[in-house]
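Here are my notebook entries from an afternoon with one model. Have the structure open next to you as you read along.

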Amino acid sequence: MIEHWWGFAAMPQGMEYPSNGQENPLTLVCQFAYANGLVYVFADLDYFFGDIDVDGGHIGEWKSNLYQVLYSPSCDNLHEHEIRYEDGTSAVPEPRELTGYPSLVLSKPTCWQDELAQDYPDYQVLLQLEEDDDINLRFYDCGTLFFLIKPEDLQARNFNRVKCVLYSY
């Protein structure tokens, strides 16, 4: 399954797995096909999965060390990067198919449309991540995490200027 939410990232040899700058690997949120390659979306979500002892993201725009979006022009020779706890169990939620999941990739936002249009008028939604009871993912009170990109950057496959923004009540 090349396209999926969560799980382990299947990345080409030589592509470095991102961390938050403190040697903690970021969680793969989603990987999906785009322009004959793969887009990988990562974020520091430990706090939102219930680890209240870590300093994670906050409401508003996130610092760049808390997320990263990578693009590989190739889908060949992929290597699965397993992120596990010391006891060998998976440190990430089980993978889910890209279709049929409540969160969205490359679509119109289903919530916070007015705020996004006002705060980021030149951006479109690359990915919208909703809270998920099945994996105990909470963004404060009914929050939504957005990864935003300018249309010209998406077309040019330039993912290093993506913004990550959390909206919550």
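**Entry 1: the second largest pocket.** Which element gives the most to the lining of the second largest pocket? I looked it up, and α1 does, with three residues. Before going on, I noted that this is a predicted model, where local features need pLDDT of at least 70 and side-chain atom pairs count only at pLDDT 80 or more, while totals for chains, interfaces and linings use all residues. Residues are numbered from 1 along each chain as its sequence is written, and side-chain values use heavy atoms, with hydrogens and water left out.

I also wrote down what a pocket is: on a 1 Å grid over the protein atoms alone, an open set of points where a 1.4 Å probe fits, with protein on both sides within 12 Å along at least five of seven lines; lining residues have an atom within 4 Å of a point. A volume is the space filled by probe spheres set on the points, which are joined across faces, edges and corners.

The volume here is about 190 Å³. I found 13 lining residues, and Lys 108, Pro 109, Tyr 123, Gln 124 and Val 125 lie nearest the centre. Two or more residues of this lining come from each of α1 (113–119) and β10 (124–130). Helices (H or I, at least four residues) and strands (E, at least two) are DSSP runs, numbered from the N terminus.

**Entry 2: the largest pocket.** This one has a volume of about 280 Å³. It is lined by 13 residues, with Thr 27, Asp 46, Ile 83, Tyr 85 and Ala 91 closest to its centre.

**Entry 3: the sheet.** I traced an open sheet of five strands in the order β6-β4-β3-β1-β8, with antiparallel pairing. Strands pair if DSSP finds at least two bridges between them. β6 (67–72) and β8 (96–97) are at the edges with a single partner strand each, so one side of each has no neighbour in the sheet. Further in, two bridges join β1 (residues 4–5) to β3 (residues 27–34).

**Entry 4: His 4.** Is His 4 buried or exposed? It counts as buried, at 4% relative accessibility (buried is under 20%, exposed over 50%, partly exposed in between, with a 1.4 Å probe and protein chains only). I found His 4 in strand β1, opposite Gln 31 in β3. Its side chain reaches the backbone oxygen of Trp 6 at 2.7 Å. Leaving out residues up to four places away in sequence, His 4 touches several residues, including Leu 28, Pro 95 and Leu 98 (contact means heavy atoms within 4.5 Å).

Notes:
Polar contact = N/O pair within 3.5 Å; in protein donor to acceptor, adjacent residues only side chain to side chain.
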